[in-house]
Amino acid sequence: MYRLIVFAVITIAAGSAYASGVPFFASADVPDYTAKMIVRDAHSAKGDRQRVVQHHNGWTRVEEQGNEETNLSYGHFFKNVVLRATRRNGEISSFEVRQVEPSQDYDGISEVRETHDVETVGGEQCRWRQIVRRKSSPIWMTCLTGDGIEIATKVLFSSGKVMSETRLTDLRRGHVPEAVVRPPMQLLEAGTWLAPLPRYDDYTPNPGDFEAELVSHRSKERLLRHYPWWLRQRDGGDGSILITVWNEREDQGLQYSASKGERMFEAVRSSSIPAPKFRRFDEISGMVDMREQDRLLGEDCAWFDRTPNMADGGLRQCLTSDGIPLIDDHWSGWGDSERFKIVTLTRRPVGMDEMQPPRDYLEPAAWGFSPP
C-alpha cells in the first residue's frame, strides 16, 4: 500500500510544511467541525498566518492564508492521501502530490506517545501527544480534544525550543458538506495546466515541431517540441519513469515521476509572477556558448552550457541551428552523470494532445481521490 504525503522541502520552516497538511487523527470517529487557528513560525518575519480546517467523515480541507498566497490541502489521514495546491491572485498556481510506500516514507509516523500534559486552548481542553517520525528531528506535538479534534500543534527543535506552532481561536462542531472537503478534480487533469495563459502572445519566430529519441548507458528519452511547449519522457532501465512537459516562454509545466515504491505529480501555472529558477521544469537557467562543435545523424550542433555557475552539476547541450538537442549531457560532481545522444530525429507536426502524460497516470482514483 502506498502512502500519499505533501511533497515539501523540510528546512528550518518545517513547521509550515506540517501545518499545511491534514490534521492528525487518533481515531476514525472524529465529528464534523470547522476550526480557525493561528500559525506562528518562530523565525519568520512575515507574522502570524490564519488557518481554517474543515472536516467531514474523515476528509479534511485546510486553508492557510499567507501574505501573498494561500496554501490549500485536501486529504484523508487514514487513507494516507494529501493533495496540496497554492493559490495566487485568485487562481491555483501550483499543485503537488506524492505517493510513497510507508517503508520508504522519510516523514512517516512510527509511533505516537501519550503525555500527561493537558491544556486549554481557545476555550477547549486538549491532551498533548508526541508524534515520532522516522527522522530524528524535529519533535512534532499535537493536542487533541476528548472527541479527537486537533486544536494545537508544536514543532520543536531537539533542544525543545519552539520552531512553529498552531493554536485554536474558534471551534464549531457541526455538519460540513462533503463538497467542501473534496479537491477540485480538474487539478489532476493535464489540460488544466497546459491551457494558454491570458498573456499568451503569438510567438514568432516559431521553431518547427519535431520528435526525437535519445539514449544513454542506462535510460532512453523521447523528446517532442510544439513551440513553445516541450515534452521529455525518460524511461530508466530500472523501470523508473520521468515525464516533463514545460513551456519555454511561460511559467507553466508539469512533471510525473514513478520509481520503485514512489511516484509524484506536480504542476505549475502562473500568470502573476515568474517562478524562481529552481521551480522551472526545463532545468535551464542560461545559455553560454562553449565554442565547441559536434555532428550526429548528419546534423551539425554547437555546445552550450544551460546551467552556468552551477558548481556541483548541471546541463550541457549540443544544439542544432533550430534548437534541437543532439546531445544532452546531465553532469554531476557526485558521480551520477548521464549523457544522452540522439538516435532518431523526425521533423513533423506535433499536436498538443501528444504533449502530456498518459491519462491513466493522472486518474484521481489512482491517487486515492474519487469524485463526490
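This is a predicted model: local features need pLDDT of at least 70, side-chain atom pairs count only at pLDDT 80 or more; totals for chains, interfaces and linings use all residues.

How many residues lie between β4 and β5 in the hairpin that they form?

Guide: There are 4 residues between them. Residues are numbered from 1 along each chain as its sequence is written, and side-chain values use heavy atoms, with hydrogens and water left out.

Let us start with β5 itself, which covers residues 70-76. Strands here are DSSP runs of E with at least two residues, helices are runs of H or I with at least four, and both are numbered from the N terminus. In β5, 7 of its 7 residues are buried. Buried means under 20% relative accessible area, exposed means over 50%, and partly exposed is in between, using a 1.4 Å probe and protein chains only. In a regular strand the side chains alternate between the two faces of the sheet. You can follow that pattern here: Thr-70, Leu-72, Tyr-74 and His-76 point one way from β5, while Asn-71, Ser-73 and Gly-75 point the other way.

Now for the neighbours of β5. Strand β4 (residues 59-65) runs antiparallel to β5, and 7 bridges join them; two strands pair if DSSP finds at least two bridges between them. The hairpin of β5 and β6 has 4 residues between the strands, and Asn-80 takes a positive phi near 55 degrees in it.

Strand β9 (residues 124-133) is mostly covered, with 7 of its 10 residues buried. Strand β8 (residues 109-121) pairs with β9 in the antiparallel sense over 9 bridges, and Val-118 stands opposite Arg-127 in β9. Their hairpin has 2 residues between the strands, and Gly-122 takes a positive phi near 60 degrees in it. β9 also runs antiparallel to strand β10 (residues 139-144), with 5 bridges joining them; there, Trp-128 stands opposite Cys-143 in β10.

Step back, and the whole chain has 3 helices and 23 strands. Of its 372 residues, 50% count as buried. Among contacts in the chain with a separation of 6 or more, residues 24 or more positions apart account for 52%, where contact means heavy atoms within 4.5 Å.

Aromatic rings give you some such links to look for. A search of the whole structure finds 10 aromatic pairs. Rings of Phe, Tyr and Trp (its six-membered ring) pair if their centres lie within 6.5 Å; planes under 30 degrees apart count as stacked, over 60 as edge-to-face and the rest as tilted. Trp-230 and Trp-246 form a stacked pair, 5.9 Å centre to centre with 5 degrees between the planes. Trp-230 lies in strand β15 and Trp-246 in strand β16, so this pair ties together parts that are 16 residues apart in sequence. Both Trp-230 and Trp-246 are buried. Tyr-256 and Tyr-361 are stacked as well, at 4.6 Å centre to centre and 20 degrees between the planes. Tyr-256 lies in strand β17 (residues 252-259) and Tyr-361 in the segment after β23, so here the linked parts are 105 residues apart in sequence. Tyr-256 counts as buried because its relative accessibility is 5%, whereas Tyr-361, at 21%, counts as partly exposed. Elsewhere, ring pairs link Phe-24, Phe-25, Phe-77 and Phe-78 into a cluster.

One last stop is Arg-339 in strand β23. Arg-339 is partly exposed, with a relative accessible area of 38%. Leaving aside residues up to four places away in sequence, Arg-339 touches Val-215, Ser-216, Trp-303, Ile-327, Asp-328 and Asp-329. The C-alpha atoms of Arg-339 and Arg-316 are separated by 9.3 Å, although these residues are 23 apart along the chain.
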